[in-house]
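Please read the following report alongside the sequence and the three-dimensional view. It takes up a pair of strands, then a pair of helices, and ends with the confidence of the model.

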Amino acid sequence: MASSPLLLPLASSRNPNSEFTVRRRRHGALATTASSSSSSSSLSDDHSSKLVTFLGKGGSGKTTSAIFAAQHYAMAGLNTCLVIHSQDPTAEYLLNCKIGTSPVICNNNLSAMLLEPLHLLKKADAELNITQGVLEGVVGEELGVLPGMDSVFTLLALERLVGFLGNVGRRNPRKDKYDIVIYDGISTEEMLRIIGVTSRARLYLKYLRNVAERTDIGRLAGPSLLRLVDEAMSLTGRGSNLNGKMSSEIWDILEHALERGSSAFGEPRKFGCYLVVDPNNPASVSSALRYWGCAIQAGAQVSGAFGTASPHSQVESVEIVKKNLSPLPFALCPYLPTGSLPDWNAIISSNPSEGARDLLSAPASSSNIMEPVKFDSSKKSVTLLMPGFDKSEIKLYQYRGGSELLVEAGDQRRVIHLPPGIQGKVGGAKFADRKLVITMR
């Protein structure tokens, strides 16, 4: 699948003698994992809300930050829904509100709900009776047996609230139209998988389409599976957008929907992603840097970082965190004392909350959001932002005649489409200041 590795000298401010491994791949391998930024313009503001989430090490304050953000947006007059994907009762306590699987109004402009990814698929199956009741016996925790399926179903459940995938399967406007949907996931690793799942799903879709169109069992089962997916994505409508279409058209519709979803995660107007750190915990800061790089590899941009304040917070620790995460904008979320229910009106309006409020309200086009990829035609170079990674963890592959680069870092892959003026063979690469600079020849 790949030719023999080609070792290229790597210039580095730390070790000029180190090397990157560049491998060339033939046409077709992993090509469909790339997202298309050009499709982001096709996302309709009338049908999509903004999704906001938080990444950080366990115990760093992600749930508290999510609730703070939800209260901030609600008090700013935006219709907000806080989506919890955990059995942890912390959110119920901080909101003083019992949360169920349907949106529950907690206060003005703020609803909250517990996410059950399998719920929509089970309702669709009950309508179509494809599995004849077998799916009803499956619980959400058991989705982990099938790699990636828990992320796929979570994304589909969020899609019902956010509308990333556009008009496919959307037969009626949502009854509950939210300006902001805040997702507090099970873990940061799971959220990263959700961010990247649309790109990976496009690859799987290609394989499934081949099976469905070229095998007898695929031609037999394919239409029913497509009906199940369509019903799960738009259960409450009055007639499928997919009815009466040829199988090839249906596959194309799903492909374009996944492309729109993939592009949305890279569009700050549609997706707000923030790091959360405990300034007093060096491991939390290191994890945040890594998650920053992982989010970029998954196809998202990080808009800023929050520190969780505590009675023991030290100015020196906060300044070190700001420096480590620079140039990301940074703000402290106020400390929430234990032992009594928080007064959110007082917390949000207090002076210590001003920096956090400003960060959440910063325009998506802020210059502080660093571009993950920069092309320089004059130098025939590509600069990739890769915080949190060491040069030894990064691998480059080339294929499609030098028109694309595949970047591996950690356990993630990212495809970079090269503009015509930069296409060619890799001539060299250097890693410095969290950036990988690749020179083409």
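## A pair of strands

In this predicted model, strand β8, which covers residues 271–277, pairs with strand β9 in the parallel sense, and the pairing runs over four bridges. Within this pairing, Val277 stands opposite Gly307 of β9.

Strand β9 spans residues 304–308, and because five of its five residues are buried, the strand is largely enclosed by the rest of the structure. In a regular strand the side chains alternate between the two faces of the sheet. Both faces of β9 are covered, with Gly304, Phe306 and Thr308 buried on one side and Ala305 and Gly307 buried on the other.

## A pair of helices

Helix α1, made of residues 62–75, and helix α11, made of residues 354–361, have axes that come within 11 Å and cross at roughly 75 degrees. Angles of 65 to 115 degrees count as roughly perpendicular, and α1 and α11 are therefore roughly perpendicular to each other.

On the α1 side the contact is made by Phe68, Ala69, His72 and Tyr73, while α11 contributes Ala356, Arg357, Leu360 and Ser361. Sorted by class, the residues in this contact between α1 and α11 are five nonpolar, two polar and one charged.

## Confidence in the model

The protein chain has an average pLDDT of 74, and 62% of its residues score at least 70. Over residues 23–47 the pLDDT is below 50, although this stretch has 74 contacts in the model beyond near neighbours in sequence. Residues 128–135 also have a pLDDT below 50, with twelve contacts beyond near neighbours in sequence. Where pLDDT is low, the predicted coordinates should not be read in detail.

Technical notes. Residues numbered from 1 in each chain as written. Predicted model: local features only at pLDDT ≥ 70, side-chain atom pairs only at ≥ 80, totals over all residues. Heavy atoms only, no water. pLDDT = per-residue confidence, 0-100. Contact = heavy atoms within 4.5 Å. Axes fitted to C-alpha atoms, helices over the stretch in contact; angles between N-to-C directions. Helix = DSSP H or I, 4+ residues; strand = E, 2+ residues; numbered from the N terminus. Parallel < 35°, antiparallel > 145°, perpendicular 65-115°, else oblique. Nonpolar A, V, L, I, M, F, W, Y, C, P; charged D, E, K, R; others polar. Buried < 20%, exposed > 50% of the residue type's maximum accessible area, 1.4 Å probe, protein only. Pairing = 2+ DSSP bridges.
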